Structures are given as C-alpha cells and as structure tokens.
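Here are my notes for your read-through. Please keep the structure open beside them and check each point as you go.

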Amino acid sequence: MIVAPGLVDVHVHFRDPGFTYKEDIETGARAAARGGFTTVVCMANTKPVVDNTETLKYIQEKGERTGIHVLQAAAVTKDLKGLELTDMDSLASAGAAGFTDDGVPVMDEKILTAALEKARELDLPVSLHEEDPAFVAAAGVHQGKVSKQLHYGGASRTAEDVMVARDCVLALHTGASVCIQHISSGNSVELVRTAKRLGADVHAEATPHHFTLTEEAVLEYGTMARMNPPVRTEEDRMKIIEGLKDGTIDMIVTDHAPHSDEEKARPLEKAPSGIIGLETSLGLGIRSLVEPGYLTLMQLMACMSRNPAEFYRMVPGSVTEGAPADLVIFGEKELWTVKDFASKSSNSPFIGWELPGKVHYTICAGSIVYQMEDDSRLLDGK
C-alpha cells in the first residue's frame with residue numbers, strides 16, 4: 001500500500017445550487033472521497049452564479065457537513081457575463097478560495113486586467129478558461145481529421161492559443177497568480193513555458209482525459225468524449241505530458257463535470273460537454289504517466305496534492321507526525337475495473353477500463369471518509 005497526502009482537486013463542478021439532478025455537494029464529496037481526494041475547489045458556474053456572498057456561504061455551509069474540505073471559487077464577473085467585476089473584496093473576506101469564470105472566457109482585456117490587479121492585491125489566484133469563440137465552429141471536438149470525418153465544425157487549437165498568449169502577457173504585466181485551466185494545446189504548453197521563463201506567476205492544469213485520450217476517442221465514445229476544450233491529437237497529448245515532466249504544467253485536475261444520461265444521449269451537436277473524473281483520476285494518472293515512465297509516483301502526487309494546494313494558498317498535506325491527517329491509502333499496482341460511481345452521474349468514457357491504483361481508504365481530518373467495501377470489516381476490529 002501507498003500512504004500519501006490526501007489528493008487535492010482544484011477544478012470540480014458539484015452543480016449545487018441549480019443543477020442538482022446532475023450532482024450535489026454531498027454526492028460530489030462522496031465521489032471525491034472515493035477517488036482519494038480530501039480537498040476540492042468548486043467552480044462558480046452554478047445557478048445562481050457564485051458572484052455574491054450569500055451563494056458562497058450556502059456552498060461553504062453544505063461543504064462543511066460532507067467530511068472533506070469543500071472550498072469554493074467565486075466568479076470574476078457578475079453572472080459570468082464578462083461585463084462587470086464582482087465585489088472581489090467582499091467575496092475574499094467571505095472565504096472565496098480564488099476567482100474564475102470557468103466555462104466561459106473573460107474576453108474584455110480591461111476587465112480582466114482590473115481583476116488580476118485586484119486579485120494580486122488580495123493575494124488570491126485567478127483561474128482562466130481559455131477558448132476564444134471566434135475560433136470555435138462547433139464546441140467539444142478538436143477541429144481536425146475526426147471533425148472532418150463527422151462533418152462537425154470543431155474547436156481549433158487557435159481558440160486556446162490566442163487566449164493563453166494574451167493572458168500570459170497580462171499575468172506578467174500585473175504580477176497576478178494565474179492558472180491556465182485544463183490545457184489542451186501543445187502550443188499553449190509552450191506559451192506557458194515561455195511565460196514562466198519570463199518571470200510570470202503562471203501555472204497550468206492538465207486533466208486525465210487530455211493526457212490519456214486523443215480526438216479518435218470521439219469516434220469510439222461519442223458524446224462521452226465531447227468536452228471543452230476538446231481532446232486533441234497525439235502530438236498535443238505528448239506535449240502535455242512533456243509539460244508535466246518539466247513542471248510547466250504543475251497541477252492535475254479532473255474538471256469533474258457531471259451530466260445526466262438523457263443529456264449525454266443527445267446528438268453530438270446538442271449534448272453538453274464534459275465528463276466526470278474524480279473516481280478515475282488517480283488510476284489514469286498512474287496508468288498514463290507513471291507506468292510508462294513519464295513521471296515518478298512522487299511527481300504525480302505533487303501534481304495531484306501539493307502543487308494545487310499551494311496555488312490555492314492552502315498548507316499542503318504531508319505524511320508527518322503532527323500534520324493534519326488528510327491521507328489516501330491505495331494499492332499502486334492493484335487493478336480495478338471502472339463500473340460504478342459514487343457520483344450522481346456516470347458520464348465517463350472510461351467505464352469498463354481496468355486501472356491501477358485502487359483506493360482502500362481516504363482519511364480526512366483524522367476520520368475515515370471512504371473505505372473500500374471489501375474492507376468494511378476492519379472498522380469493526382474483526
């Protein structure tokens with residue numbers, strides 16, 4: 001067994017309030033615990049949007065009852081419309097973990113610059129969704145050979161690249177702590193690498209689906225492989241892995257995005273984008289990164305625990321005497337089959353996959369919040 005600090009996912013959607021038929025804070029937290037996560041940061045695109053302290057406090061209070069640490073990011077702009085900044089001071093005072101309009105890009109440079117300057121003043125991070133709609137003919141699928149085969153417009157790499165280039169420059173200009181969310185383009189990885197070299201406080205996330213799948217997954221899994229930004233080419237996938245290897249990309253997140261079976265059963269052009277990921281993230285990290293030799297297990301744990309915690313101004317977990325007992329215990333080489341979920345939704349292309357890294361226990365603040373079903377007898381001391 002491996003004993004490691006509890007995993008930290010700083011990019012999840014728990015759909016509460018507003019879309020609780022897909023997920024709610026309780027079921028999302030159970031899915032997190034089952035995946036080995038003791039801390040999550042929820043995105044702000046709920047209904048109502050987390051652009052006010054009332055909605056923020058609602059989520060915080062429900063999160064406190066889950067057994068894991070549920071943090072909440074607040075919106076950068078009111079109602080995610082990109083037109084007017086939220087009251088970042090009051091949201092920060094109320095405990096917002098950071099700021100993001102995830103799901104939509106902040107297109108107005110003046111508004112974003114003002115947000116970055118304020119965030120720097122507050123010493124809180126800003127995480128940015130990078131997709132310029134001018135270069136998205138149809139969302140969710142890479143604009144390439146598969147989109148042509150399907151006669152589906154697709155989303156170009158350029159949609160991401162132009163936004164990443166702009167925001168790396170704005171991060172350098174303002175000194176703000178900026179995260180490029182769910183990076184998908186190899187070009188964007190290089191842009192982040194350059195920005196870091198220039199001295200910008202820029203970070204980047206990679207998801208398990210972006211370092212595991214390519215555009216061909218859409219042919220096999222249909223809408224279960226539709227996501228924003230899309231999974232792209234093998235070249236892009238390998239550049240993401242290179243970015244993880246050299247530290248250009250320093251966080252692995254799931255972008256856990258639950259949707260109902262009915263929604264994902266729609267035609268490709270009408271189905272929502274996104275997949276769930278909390279319960280498969282560790283296994284995919286070991287399978288796609290550690291087993292091929294790209295990362296060591298220690299490097300994977302840094303990307304899945306220490307680095308995201310530090311970016312969001314948390315004290316990272318550690319397996320040391322006196323540290324908070326936020327821990328995950330798993331069998332690194334122990335295989336398990338993806339077949340059911342603690343999440344309320346099951347929109348995953350990985351159903352049926354055999355993955356390593358079976359989680360046996362997740363411990364948060366000294367309490368067991370998940371135990372492998374077969375080991376329930378251990379709690380009884382039998």
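1. Start with Ile-68. This is a predicted model, and in it Ile-68 has 5% relative accessibility, so the residue counts as buried. Ile-68 is found in the loop between helix H2 (53-63) and E4. Which residues is Ile-68 in contact with, leaving aside its neighbours within four places in sequence? They are Ala-29, Ala-32, Ala-33, Phe-37, Thr-38, Val-40, Gly-63, Cys-364 and Val-369. Now look at Ala-115. Ile-68 and Ala-115 are 47 residues apart in sequence. In space, C-alpha to C-alpha, they are 30 Å apart.

2. Next, the cysteines. A disulfide is a covalent bond between the sulfur atoms of two cysteines. How many disulfides does a search of the whole structure find? It finds zero. Take Cys-42, which is in no disulfide. Its nearest cysteine sulfur belongs to Cys-364 and is 14 Å away. Cys-42 has 2% relative accessibility, so it counts as buried. Cys-364 is also at 2%, and therefore counts as buried.

3. Strands of a sheet pair through backbone hydrogen bonds, either parallel or antiparallel. Here four strands form the sheet, in the order E1-E10-E13-E14, and the pairing is antiparallel. Which are the edge strands? They are strand E1 (2-5) and strand E14 (367-371), and each pairs on one side only. From one strand to the next, the twist averages 20°.

4. Follow two of the pairings. E1 and strand E10 (residues 327-331) pair in the antiparallel sense over four bridges. Pro-5 has Leu-327 in E10 as its bridge partner. Strand E13 (residues 358-364) and E14 are also joined by four bridges, in the antiparallel sense. Tyr-361 has Gln-371 in E14 as its bridge partner. The hairpin of E13 and E14 has two residues between the strands. There, Ala-365 takes a positive phi near 55°.

5. Turn to a helix pair. Two packed helices are described by the angle between their axes and the distance between the axes. For helix H6 (residues 157-174) and helix H7 (residues 186-198), the axes come within 9 Å and cross at roughly 10°. H6 and H7 are therefore roughly parallel to each other, since angles under 35 degrees count that way. On the H6 side, the contact uses Arg-157, Glu-160, Asp-161, Val-164, Ala-165, Cys-168 and Leu-172. On the H7 side are Asn-187, Ser-188, Leu-191, Val-192, Ala-195 and Leu-198. The residues of this contact divide into eight nonpolar, two polar and three charged.

6. Helix H12 (residues 281-290) deserves a look for its burial. The helix is mostly covered, with nine of its ten residues buried. Among them are Leu-282, Leu-284, Ile-286, Leu-289 and Val-290. Ser-281, Gly-283, Gly-285 and Ser-288 are buried too.

7. Last, Thr-86. Is this residue buried or exposed? Its relative accessibility is 6%, so Thr-86 counts as buried; the cut-off is under 20%. Thr-86 lies in the loop between strand E4 (69-72) and helix H3 (88-93). Not counting residues up to four places away in sequence, Thr-86 touches Asp-51, Ala-75, Val-76, Thr-77, Lys-78 and Leu-91.

Notes:
Residues numbered from 1 in each chain as written. Predicted model: local features only at pLDDT ≥ 70, side-chain atom pairs only at ≥ 80, totals over all residues. Heavy atoms only, no water. Axes fitted to C-alpha atoms, helices over the stretch in contact; angles between N-to-C directions. Parallel < 35°, antiparallel > 145°, perpendicular 65-115°, else oblique. Contact = heavy atoms within 4.5 Å. Nonpolar A, V, L, I, M, F, W, Y, C, P; charged D, E, K, R; others polar. Buried < 20%, exposed > 50% of the residue type's maximum accessible area, 1.4 Å probe, protein only. Disulfide = S-S within 2.5 Å. Pairing = 2+ DSSP bridges.
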